[in-house]
Amino acid sequence: MKKVIFDTDIGIDDAMALLFLHYAPDVDLRAIISGFGNASIENTTRNALYIKEKFDIGAAVYRGAAQPMRQEFLHDYPDFVHGNNGLGDIEIVSPRGTEEALSGAQAMVALARQHPGELSIVAVGRMTNLAQALALCPELPELLHEVVVMGGAFGFNGHTGNVTAVAEANIAGDAWAADIVFNSGMPLTIVGLDVTHETVADQEFFDDLRDRAGEAGTFIHRISRCYLDFHERVHGKYECPIHDASAVSYLLNPESYVTREGPVRVVTEGDNRGQTILDAARIDSAGNELKACKICTAVDPVAVRDLFASTLRLAAD
Ligand code: BDR
Ligand code: CA
């Protein structure tokens, strides 16, 4: 069983990824850590608690970062993608429970110390919680088994940014934190737009989930309406990339991906901030050797979609 922490700015595709983790037989989900991003920290924490209660998820919820490490990375929340409430503006009841007392970063450190070498973190929002955890515990990279990040874009398969020509949302939203995390030496794999934009879900995919994946499928179908409408407005097709669930798919079945290894730097200033660059100089300007990450460069999208759908169908059993 993989012990997993899910670090999420829980909007629409994050919610799909959370249910993917919840129903994956080999996953022991230990914590859901919220973060600002797709919506405010209040909304993302509420969304985490709401989904936890609705689907009887055992993992504890911890409130993560409310804002980026540096003010210049503050953006408006993308309500035009995820709705005002972050879940496509479907009606949601107020959760009965509340988050735990520890902050998201404190919880990451506490769990990593409790289970050295065993924890996998799936991080699908800003890298702020991870950067804060590193500040609390510099030896965190050695304590973790694996970190899978959804974020960034390296130009493979022709995919570059989605919030600017060169920057992806999770990285642009706190480029400073991302640069710290990617150069920390964590055992980290980046699942970026290079592969998530190759892994598309259409109307038929969501209809099938609605019809065959029980309550989880119905819920995903409902929240996906707003997300599909946004992508249709922008790209002219009623389909969307599978972003955050792709990080879960990598965790469960890395064989669906081709990877490359090398140092990754994030541009933190100027018009290109948020851009992720692979194989930048192996030595930084202060003479320090940069640590390597793995990045996904190609994917078998059919295998990813099948794993996602077949795992969710377990919800109907
Ligand atoms: C990423 O940005 C967010 O809007 C999504 O949840 C995903 O994590 C895609 O760029
Ligand atoms: Ca996300």
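Which residues are around ligand 1?

## The shell around ligand 1

Around ligand 1 stand Asp13, Asp14, Asn38, His82, Val124, Met150, Asn162, Glu168, Ala169, Asn170, His243 and Asp244, where a residue is near a molecule if one of its heavy atoms lies within 4 Å of it. This is a predicted model, in which local features need pLDDT of at least 70 and side-chain atom pairs count only at pLDDT 80 or more, while totals for chains, interfaces and linings use all residues. Residues are numbered from 1 along each chain as its sequence is written, chains are lettered from A and ligands numbered from 1 in the order in which they are written, and side-chain values use heavy atoms, with hydrogens and water left out.

By class, this shell holds three nonpolar, five polar and four charged residues; here Ala, Val, Leu, Ile, Met, Phe, Trp, Tyr, Cys and Pro count as nonpolar, Asp, Glu, Lys and Arg as charged, and the others, Gly among them, as polar.

## Contacts and burial of the ligand

An N or O atom in the side chain of Asp244 lies 2.5 Å from an oxygen atom of the ligand, and for the side chain of Asn170 the corresponding distance is 2.9 Å. Val124 takes part through its backbone, with an N or O atom 2.9 Å from a ligand oxygen. Taken alone, ligand 1 exposes 280 Å², of which the protein buries 94%, with areas coming from the Shrake-Rupley method with a 1.4 Å probe.

## The largest pocket

Ligand 1 takes up space that is the largest pocket, and a molecule sits in a pocket if more than half of its atoms lie within 2 Å of its grid points. On a 1 Å grid over the protein atoms alone, a pocket is an open set with protein on both sides within 12 Å along at least five of seven lines, a cavity is a set of points where a 1.4 Å probe fits but cannot get out, and lining residues have an atom within 4 Å of a point.

The largest pocket holds about 870 Å³ of space. Its lining counts 38 residues, and Asn162, Val163, Ala169, Phe230 and His243 lie nearest its centre. Helix 11 gives the largest share of this lining, five residues, and by class the lining has 15 nonpolar, 13 polar and ten charged residues.

## Two cavities

A search of the whole structure finds two cavities of 30 Å³ or more. The largest cavity holds about 60 Å³ of space, and of the 13 residues that line it, Met16, Pro241, Ile242, His243 and Phe308 are the closest to its centre. The lining of this cavity divides into ten nonpolar residues, one polar and two charged.

The second largest cavity has a volume of about 40 Å³. Its lining consists of Asp7, Thr8, Asp9, Gly35, Phe36, Ala65, Gly125, Arg126, Thr128 and Asn129, which divide into two nonpolar, five polar and three charged residues.

Technical notes: A polar contact is a pair of N or O atoms within 3.5 Å; within protein, one must be able to donate a hydrogen and the other to accept it, and residues adjacent in sequence count only if both atoms are side-chain atoms. Grid points are joined across faces, edges and corners, and a volume is the space filled by probe spheres set on the points. Helices (H or I, at least four residues) and strands (E, at least two) are DSSP runs, numbered from the N terminus.
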